[in-house]
Amino acid sequence: MSALVARRTSHPLRRKQIATAYLLLAPFIVVFSAMLIVPLVYSGFLSTFATTLIGGTKFTGLANYARAFTDAEFLSGLGRMGLFLIIQVPLMLGLSLFIALALDSGRVRGSSAVRLMTFVPYAVPGVVSTMMWGYLYGNDFGLIGQILRALHLPAPNLLSSQNILGSMMNIVTWQYVGYNMIIMFAALRTIPVELFEAAEIDGASQLRIAWSIKIPAIRNAIMLTVIFSIIGTFQLFNEPSLLRPLNPAAISSSYTPNFYAYNLAFINQDINYAAAIAFVLGLFIALISYVVQLSTRSREGDGR
Amino acid sequence: MTTPVLAPPSAVTTKGASKRRSPRDRRSTLLTVLLWILAAYFLVPLVWLLIASTKNNADLFSSFGLWFGARFSLIDNLREVFSASGGVYARWLLNTVIYAVVSSLGASLLSTMAGYALAKYEFPGRSAVFSIILGSIMIPLTALAIPTYLMFSSFGLTNNMLAVIIPSLVSPFGVYLMRVYAAESIPDSLLEAARVDGAGEIRIFWQVGLRLLGPGLVTVLLFTMVATWNNYFLPLIMLSKSELYPLTVGLAQQQSAASAGSATQALFSTVITGSLVAILPLIVAFLFLQRYWQSGLSAGSVKE
């Protein structure tokens, strides 16, 4: 790139290019600042105030944060999402990777049909998929219960307090396996054939090729899906808010941190504390994403 | 940033073809069966939705989920969907189309301009801007929704289409994808040639750049369109007038009315058929634009 710049020595031309670059960037930067940076700063600002019935709105410094870190409801929601992250994300991404590798190996009949069928749930709005699975889980005309009863098996209550988290994990898995699979599959398609052709001729198994050549080659794409999944997990909102009417006892108003922030802001009218919760949540996500990226990067360094 | 190690989109199909001719290529029955079982998991809920929307409310409760009921009521259900509450569903559908089309066109244009500028020009602050945009991918958008709502509300902009559209114009991931795509698919020599011919920088972007960025643009367009079409949280907090709702918020409201048992307002059969209508446009769009988004994704997924 620097060589490229050096060639363009004529000053007016270079200045014109810089101006064009800024001109092209400007619209995005304006909206980006207004819709991302400003709300972020505003959220931080709001979170340092508290509103009380008697005293009105007062600056309270970090008191909302102290409250958040000792708020059992917030912490249990965070913990629940941690559980989600440990169980659902590896399951979902493992499934995505398996399907992507299987389709890429060229050993599956009707692979393009399978690829599309796997991807279709991504195009279904979260609201619809949650409602749909709610029906499938339910006792009234739930398909799962119908099938189990037809087989004379006990039908568990999939909306009970013990099962609801697993039921939500299933909805998210169903919805996003295809999306993550497509990202991985697209990356697999760009691996030059020569990289694994020799191994194939030497008789290496598909499993070995996948593990030693293909997975390392698409590490960046996998990393991308991990980061997106972490962000998605901690933002869960549709599932608790739409399944709650089906069993209010199993899903509290603070079931996920995002649902909690929403309820604080719009039901309790506690805007300042909601802002603090949202801010902590954002920081938490950024921190986890950063740690995950860092850990894979250092592992990569050790390997070489 | 490492140098991109990806093949141009056209090479993706070529590679697939040469692979298919490989003598080592053998179909695996086990893998095929496994993958088709997985595909069934993704498809069955949608088949259920399709069949359920041909049933009237009574048949929903009395018949098996994966087979038709006593009466074929699809037409009646569709009529009910579009006539319930004074035909508000058609309004929701129209709103959703407006939100999705305007937001995705805007977001992809902004992303393309910014991505092109970041890929093709050397200017002061370039790497800083790109790092900030990359970092912001990790900011959970719903964590910003509450402060954004408060901002809009202080300007009196809530309950307005712009309240849904403007925040949806920001797609940091779109910028990232277009930057990678522009770096790969627009040769510097072509831009130099256009400059020698005396074309202005802006004209070069419109006539040379945009033409080569086609598949990348379609990818960003589709994915931002899905994001807006499926968005629930943002319109939920920004809008309180039913005639401004997108389908997601409207359907969720109908659903809660149906499960609250107020059968005069909404029936399960109406919500289910409404859900089916809501998901069809996106599925069709993905099917028809397959070639574009798959090649566009393969460019973006390779790098971090």
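Domain bounds here come from an automatic or database domain assignment, and the structure itself is a predicted model.

**View 1. The two domains of chain A and the separation of their centres.** In chain A the assignment gives domain 1 as residues 2–46 and domain 2 as residues 74–303. Taken over C-alpha atoms, the centres of domain 1 of chain A and domain 2 of chain A are separated by 35 Å.

**View 2. A hairpin of two strands in chain A.** Strand E1 of chain A covers residues 49–52 and strand E2 of chain A covers residues 56–59, and the two strands pair in the antiparallel sense over four bridges. Three residues lie between E1(A) and E2(A) in this hairpin, and A:Thr51 has A:Thr57 of E2(A) standing opposite.

**View 3. Helix H5 of chain A packed against helix H2 of chain B.** From H5(A), the residues A:Val114, A:Met117 and A:Thr118 meet B:Leu35, B:Trp36, B:Leu38, B:Ala39, B:Phe42 and B:Leu43 of H2(B). Eight nonpolar residues and one polar residue make up this contact of H5(A) with H2(B), which has no charged residues.

**View 4. Helix H6 of chain A crossing helix H2 of chain B.** The axis of helix H6 of chain A (residues 126–137) comes within 11 Å of the axis of H2(B), and the two cross at roughly 85°. Since angles of 65 to 115 degrees count as roughly perpendicular, H6(A) and H2(B) are therefore roughly perpendicular to each other. The contact is built from A:Met132, A:Trp133 and A:Leu136 on H6(A), together with B:Pro45, B:Trp48 and B:Leu49 on H2(B). By class, the residues of this contact of H6(A) with H2(B) are six nonpolar, no polar and no charged.

**View 5. The two domains of chain B and the contact between them.** For chain B the assignment gives domain 1 as residues 30–72 and domain 2 as residues 89–300, and the C-alpha centres of these two domains of chain B lie 31 Å apart. Domain 1 of chain B contributes eight residues to their contact, and domain 2 of chain B contributes seven residues. On the side of domain 1 of chain B that touches domain 2 of chain B, H2 and helix H3 (57–62) of chain B each supply at least two residues, and H2(B) gives the most, with three residues. That side of domain 1 of chain B has, by class, four nonpolar, three polar and one charged residues.

**View 6. Helices H13 and H14 of chain B packed against each other.** Helix H13 of chain B (residues 247–259) and helix H14 of chain B (residues 268–288) pack at an angle of about 165°, with 9 Å between their axes. Because angles over 145 degrees count as roughly antiparallel, H13(B) and H14(B) are roughly antiparallel to each other, and their crossing is left-handed. Among the residues that make the contact are B:Leu247, B:Leu251 and B:Ala258 of H13(B), and B:Phe268, B:Val271 and B:Ala278 of H14(B). By class, the contact of H13(B) with H14(B) has six nonpolar, five polar and no charged residues.

Technical notes: Residues are numbered from 1 along each chain as its sequence is written. Chains are lettered from A and ligands numbered from 1 in the order in which they are written. This is a predicted model: local features need pLDDT of at least 70, side-chain atom pairs count only at pLDDT 80 or more; totals for chains, interfaces and linings use all residues. Two strands pair if DSSP finds at least two bridges between them. Axes are lines fitted to C-alpha atoms, for helices over the stretch in contact, and angles run from 0 to 180 degrees between N-to-C directions. Ala, Val, Leu, Ile, Met, Phe, Trp, Tyr, Cys and Pro count as nonpolar, Asp, Glu, Lys and Arg as charged, and the others, Gly among them, as polar. Angles under 35 degrees count as roughly parallel, over 145 as roughly antiparallel, 65 to 115 as roughly perpendicular and the rest as oblique. A crossing is left-handed if the near helix is turned anticlockwise from the far one by less than a right angle, and right-handed if clockwise.
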